[in-house]
Amino acid sequence: MQGETAKEHVPQGGSVVLKLNYKLSVEQKEISDRVIENFKNGVDTLINAVCGAGKTELVYGVIAFALSNKKTVAFAIPRRDVVMELYLRIKDAFPSNSVVAVYGGNNSKLEADIVVLTTHQLFRYPNYFDLIILDEIDAFPYKGNQVLSAMFKNSLRGNSVLMSATPSKEVLEYYSKKNRCILELNTRFHKHPLPVPELVIRIGYFKILFLAIKLRQYQKENKPVFIFTPTIEKCANLYQIIAKLVPNGCYVHSKCSDRKERIDDFKNGKFSYLITTAVLERGVTIKNLQIIIFEADHKLYDEYALIQIAGRVGRKFDAPEGEAIFLANKETKAIKNAIETIKNRNLFL
């Protein structure tokens, strides 16, 4: 299956069952309808929506419309971990349609009514899809990757819907041109404000001390925590130190062969905190989650990454609040801009 390409697949068409777990808000419904109209009229769409706005649900309507008209549909994401989680959500939302997940190591079946795949796997579908939903366009490894961008364009024979909470200025400029459309959603589906990150400045060992005290506090309050680190080496080293001070934690990064099991254990309450890298920056929603970014002033953290990570907090309807802490030696331009951007988004409430 290394270089095999997909065979033509035509959805059955007709009536499509769409099962939503909650009713769309007025704003969500307006955007969903606009996306459908754009697709009908051959207009490409960029959805610029805040973290936790319910971006995935915004495109269910256009997916249903495309399937009912026998159009081929793909939902592409840069990261494999997110593909696996999204596959289950889409399979549940479209119970009468076939759905397949395609990623490295899982590509024995390529055809279905809805193909959920990593952007790397788009090479298997030359001139194939009538509709491609491309989420997390600003995420590694898609962002700035000309090869993956070319594969996306090559697999598209119809129109696309791109989604991001932090689109670049270049992307915004591109979609402001003729026959393209930008749709904005500046509020979360539950109408609560985005948690505004708190900058905490600590030097040397005092950073470790603050982290340990904060983790013990969260444990007493029964609040799960992600501690983000900029590199794999820092992730492993920090865990070795913190584990001696605060028990009942774990760590995970891209080199962990059992990272799915570790993440699942965390979700099931086996661990109270998880020290991680950017592998959990996106696509994970956990009730009552708190966030600490360790060394938030590191050069690898730009404004967009900080906003994305902070966006993990307060995503649930019944737990819309929480803390996002930028733990750093100093305030950087990225930290300042991220906090200001989040505050400005909250002005739309």
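Is Lys267 buried, exposed or partly exposed? Lys267 is partly exposed, with a relative accessible area of 37%, on a scale where buried means under 20% relative accessible area, exposed means over 50%, and partly exposed covers what lies in between (1.4 Å probe, protein chains only). The model is a predicted one, in which local features need pLDDT of at least 70 and side-chain atom pairs count only at pLDDT 80 or more, while totals for chains, interfaces and linings use all residues. Residues are numbered from 1 along each chain as its sequence is written, and side-chain values use heavy atoms, with hydrogens and water left out.

**Salt bridges**

- A search of the whole structure finds 19 salt bridges, each being a side-chain nitrogen of Lys or Arg within 4 Å of a carboxyl oxygen of Asp or Glu.
- Lys267 meets Glu85 in a salt bridge between their side chains (3.3 Å, N to O). This pair links distant parts of the chain, with Lys267 in helix α9 and Glu85 in helix α4 (residues 80-93), 182 residues apart; helices here are DSSP runs (H or I, at least four residues), as strands are (E, at least two), numbered from the N terminus. Glu85 is partly exposed, with a relative accessible area of 25%.
- Within helix α1 (residues 26-40), Glu37 and Lys40 lie 3 residues apart, about one turn of the helix, and their side chains meet in a salt bridge (3.4 Å, N to O). Glu37 counts as partly exposed at 38% relative accessibility, and Lys40 is partly exposed with a relative accessible area of 45%.
- The side chains of Lys270 and Asp265 also form a salt bridge (3.9 Å, N to O); Lys270 is exposed, with a relative accessible area of 51%, whereas Asp265 counts as partly exposed at 26% relative accessibility.
- A network of salt bridges links Glu8, Asp130 and Arg157.

**Buried charged residues and their polar contacts**

- Arg262, in helix α9 (residues 259-267), is buried, with a relative accessible area of 17%. The side chain of Arg262 makes a polar contact with the side chain of Asp258 (3.0 Å), where a polar contact is a pair of N or O atoms within 3.5 Å; within protein, one atom must be able to donate a hydrogen and the other to accept it, and residues adjacent in sequence count only if both atoms are side-chain atoms.
- Asp297, in the loop between β12 (290-294) and α10 (303-310), is buried as well, with a relative accessible area of 12%. A polar atom of the Asp297 side chain lies 3.2 Å from the backbone nitrogen of Asn329.

**Aromatic rings**

- The count comes to 9 aromatic pairs, under a rule in which rings of Phe, Tyr and Trp (its six-membered ring) pair if their centres lie within 6.5 Å, with planes under 30 degrees apart counted as stacked, over 60 as edge-to-face and the rest as tilted.
- Phe226 and Phe228 form an edge-to-face pair, 6.0 Å centre to centre with 85° between the planes, and both Phe226 and Phe228 are buried.
- Tyr125, Tyr128 and Phe129 form one aromatic cluster.
- Arg180 lies over the face of Tyr174, at 3.7 Å from the ring centre, and the charged end of Lys207 sits over the ring of Phe294, 5.8 Å from its centre; a charge sits over a ring if NZ of Lys or CZ of Arg is within 6 Å of the ring centre and within 35 degrees of the ring normal.
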